[in-house]
2 protein chains.
Amino acid sequence: MKMLKEKIQKEGIVLSDTVLKVDTFLNHQIDPQLMQEIGKEFAARFKDAGITKIVTIESSGIAPALMTGLILDVPVIFARKRKSLTLSDNLLTATVYSFTKQESNDISVSKDMLHEEDVVLLIDDFLANGQALKGLNDLVKQSGAQVAGAGIVIEKGFQTGGKEIRANGLRVESLAIVESLVNGGVVFAEESVNK
Amino acid sequence: MKMLKEKIQKEGIVLSDTVLKVDTFLNHQIDPQLMQEIGKEFAARFKDAGITKIVTIESSGIAPALMTGLILDVPVIFARKRKSLTLSDNLLTATVYSFTKQESNDISVSKDMLHEEDVVLLIDDFLANGQALKGLNDLVKQSGAQVAGAGIVIEKGFQTGGKEIRANGLRVESLAIVESLVNGGVVFAEESVNK
């Protein structure tokens, strides 16, 4: 997605060979117009998949998920990273290890929100080692719902999550695949690799 | 806001005389069409305020804030509830006590995101005792930016936060003011009180 890649080149900060900071438009400050375009793109790619619900993880997944949900006209559910007192114990859960934060979190979704007849699109901001996406996928499958695929804003193609998850048969659509962050620059994979 | 109040009456669950659960459209599952209408309403109420940035708190504030930002065409910043490794120490911070979760959190926004010339609209999902909104207000003022007001989706009018904050001179616009949750029912304040 050209608009996204240009934004990453212009505003992304390469903190190391593996860490790309996009706090000005995705992870802390959000660019609503860009999110709308991202929503349109995900909606277009999954328009024939019969999606009935979108599931993401708080917090950075919410904006792209919401815009996709608006266009596909389906509810958006965000998995919580820990239990809240206003959620009951009626939960689907999975454990996700974050390499960035070096900690494990339980993610959870209320059982009331997902049903066997649902067809779910998973949305997240980043895909790197794939822990979060695997957790989301596990959690949704516990409900008996079908997972139609995943929409990822930025995939780190030099990490193994995307390859592993695709090899397991899940359709993964990433709007920008970063091939390398070496020497402080962002190199994207060729567009054909995006498919 | 009629559409919101009808949704609360239809789907809100009164857990106690003080706790209203709206997990089916705001705090866990999100209704994108309703969020769009909420965004339109906030944008209309603050259209002449010269807003340059919207500031909210993760996670439930993000959806209404994003939709408002889309219509006002300004960036949305979400305060984080704790430090992330990809954020530097270059932070504006405030401490917020949550009566619901019975814990204190530091909320923070990067100093890079807010500047003296900014005119900020604060958005949050709930206003009860006002701790979160006061924290957000303090945090933004540390940057030297001006706070034009606050947009709240649901205010608990029987708690004191809204009164206190308005008495301190901040403009607060709440789309639904709940006057009482006694006996398992939701009673709204009269629309004229909303102003």
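Reply: We may begin with A:Leu4, which, apart from its neighbours within four places in sequence, is in contact with A:Phe25, A:Leu34, A:Ile38, A:Val153, A:Leu175 and A:Ala176. Please keep in mind that this is a predicted model.

Me: Which residues have the most contacts inside the largest nonpolar core?

Reply: They are A:Leu4 and B:Leu4, and the core itself has 75 residues.

Me: How many residues does each chain give to the contact between chain A and chain B?

Reply: Chain A gives 46 residues and chain B gives 46 residues. About 3,800 Å² is buried between the two chains, with 60% of that area coming from carbon and sulfur atoms. The number of salt bridges between chain B and chain A is zero.

Me: How should I read a sheet, and what is the strand order in the open sheet of seven strands?

Reply: The general idea is that strands of a sheet pair through backbone hydrogen bonds, in either a parallel or an antiparallel manner. Here the order is S3(A)-S5(B)-S4(B)-S8(B)-S9(B)-S10(B)-S11(B), and the pairing is mixed. The edges are strand S3 (29-30) of chain A and strand S11 (187-188) of chain B, each of which pairs on one side only.

Me: Do strands S4 and S5 of chain B run parallel or antiparallel?

Reply: S4 (residues 53-57) and S5 (residues 76-79) of chain B run parallel and are joined by four bridges. Within this pair, B:Ile54 of chain B stands opposite B:Val76 in S5(B).

Me: Which strands does helix H3 of chain B lie across?

Reply: Helix H3 (residues 62-72) of chain B lies across S3 of chain A and across S4, S5, S8 (119-127) and S9 (146-156) of chain B; its angle to S4(B) is about 175°.

Me: Where is the peptide bond from B:Glu58 to B:Ser59 placed, and is it cis or trans?

Reply: This bond is cis, with omega near -5°, and B:Ser59 lies in the loop between S4 and H3 of chain B. In chain A, the bond from A:Glu58 to A:Ser59 is also cis, with omega near -5°. A:Ser59 is located in the loop between strand S4 (53-57) and helix H3 (62-72) of chain A.

Me: What is the phi of A:Asn183, and is this residue buried or exposed?

Reply: Phi of A:Asn183 is near 60°, a positive value in a residue other than glycine. A:Asn183 is in the loop between strand S10 (172-180) and strand S11 (187-188) of chain A. Exposed means over 50% relative accessible area, so A:Asn183, at 77%, counts as exposed. For B:Asn183, phi is near 65°, a positive value in a residue other than glycine, and B:Asn183 counts as exposed because its relative accessibility is 76%.

Key. Residues are numbered from 1 along each chain as its sequence is written. Chains are lettered from A and ligands numbered from 1 in the order in which they are written. This is a predicted model: local features need pLDDT of at least 70, side-chain atom pairs count only at pLDDT 80 or more; totals for chains, interfaces and linings use all residues. Side-chain values use heavy atoms; hydrogens and water are left out. Two strands pair if DSSP finds at least two bridges between them. Helices (H or I, at least four residues) and strands (E, at least two) are DSSP runs, numbered from the N terminus. Contact means heavy atoms within 4.5 Å. Axes are lines fitted to C-alpha atoms, for helices over the stretch in contact, and angles run from 0 to 180 degrees between N-to-C directions. A nonpolar core is a set of buried Ala, Val, Leu, Ile, Met, Phe, Trp, Tyr and Cys residues joined through side-chain atoms within 4.5 Å. Buried means under 20% relative accessible area, exposed over 50%, partly exposed in between (1.4 Å probe, protein chains only). Buried area is the accessible area (1.4 Å probe) that two parts lose on being put together, summed over both. A salt bridge is a side-chain nitrogen of Lys or Arg within 4 Å of a carboxyl oxygen of Asp or Glu.
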